[in-house]
Amino acid sequence: MKIALSLVLGVFPFLSSCSEPHVYQWGRMTQIGELPCFSVADSEETRRTPPKLAALVIEGLKKGQRAQVVWNLTFVGEQEVQLPPTECIPYGDSSRGVKAWPDTAPPLQAGVVYTYSFNSDIPAAYADGSLANRVYAGDFCLTRDSEGHATFHEIRWDEKAKKRHWEVCELAPEQVPTY
């Protein structure tokens, strides 16, 4: 899974120069209170037709180890869940999902790099009415101030600097991902 996700995230820098929507796109992460909140890309496509969600997966990454699923929320079932880019799903909130694993999301830790990814479909994306698969993903980390308050940082590819700015995560050098 880590290799697949690393390959997915590794292609994001190259997607920004293309005009057609691609399967793999950046998601968006914001913070609501002490929790990260995850959403799909804010694009013409998602504003026109919000993606139908299949799953939201949060994984923890540790250098030299396989990615570990921290929390997984599936949306497969009778009730369709669409997520417009103006809304987000807070970490641990399973009210929209069919099944969460684990049932209660464990606390996120400072000093760990996390990834999030939505697997989704854009309904009637093509002229023949067929679905278009989309994966919205990104990296984030958590830091805490001297009073213990959480700040979540979304880590994006900086095209100008040709790197991700992991330094905001306050990671030890051996914790910085190499993809």
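This is a predicted model: local features need pLDDT of at least 70, side-chain atom pairs count only at pLDDT 80 or more; totals for chains, interfaces and linings use all residues.

Student: How many disulfides does the count come to?

Tutor: Two disulfides. One joins C37 to C88, with an S to S distance of 1.9 Å. The other is formed by C141 and C169, whose sulfur atoms are 2.1 Å apart.

Student: What's the pattern along the chain?

Tutor: Counting bonded cysteines along the chain, it runs 1-2, 3-4.

Student: Take C37 and C88. Is their link right-handed or left-handed?

Tutor: Right-handed, with 95° about the S-S bond. The pair links distant parts of the chain, 51 residues apart. C37 sits in strand β3, and C88 in the loop between β5 and β6.

Student: Why does C37 count as buried?

Tutor: Because its relative accessible area is 1%, and buried means under 20%.

Student: And C141 with C169, right-handed or left-handed?

Tutor: Left-handed, at -90° about the S-S bond. C141 is in strand β9 (residues 132-144), while C169 is in the segment after β12. They are 28 residues apart, and this pair too links distant parts of the chain.

Student: Are those two buried or exposed?

Tutor: Both C141 and C169 are buried.

Student: On to rings. How many aromatic pairs?

Tutor: The count comes to six aromatic pairs. One of them is F38 with Y116, which is tilted: 5.0 Å centre to centre and 40° between the planes. F38 belongs to strand β3 (residues 35-39) and Y116 to strand β8 (residues 113-122), 78 residues apart. F38 and Y116 are buried.

Student: What about W71 and Y91, which geometry do they have?

Tutor: Edge-to-face, with 65° between the planes and 5.6 Å centre to centre. W71 lies in strand β5 (residues 68-74). Y91 lies in the loop between β6 (89-90) and β7 (99-101), 20 residues apart from W71. W71 is buried, and Y91 is too.

Student: Which residues do ring pairs link into a cluster?

Tutor: F38, Y114, Y116, F140 and F152.

Student: Last topic. Where is A172?

Tutor: A172 is in the segment after β12 (163-164). A172 and V112 are 9.9 Å apart in space, C-alpha to C-alpha, and 60 residues apart in sequence.

Student: Why does A172 count as partly exposed?

Tutor: Because its relative accessibility is 25%. Partly exposed is the range between buried, under 20%, and exposed, over 50%.

Methods: Residues are numbered from 1 along each chain as its sequence is written. Side-chain values use heavy atoms; hydrogens and water are left out. Rings of Phe, Tyr and Trp (its six-membered ring) pair if their centres lie within 6.5 Å; planes under 30 degrees apart count as stacked, over 60 as edge-to-face and the rest as tilted. Helices (H or I, at least four residues) and strands (E, at least two) are DSSP runs, numbered from the N terminus. Buried means under 20% relative accessible area, exposed over 50%, partly exposed in between (1.4 Å probe, protein chains only). A disulfide is a pair of cysteine sulfur atoms within 2.5 Å.
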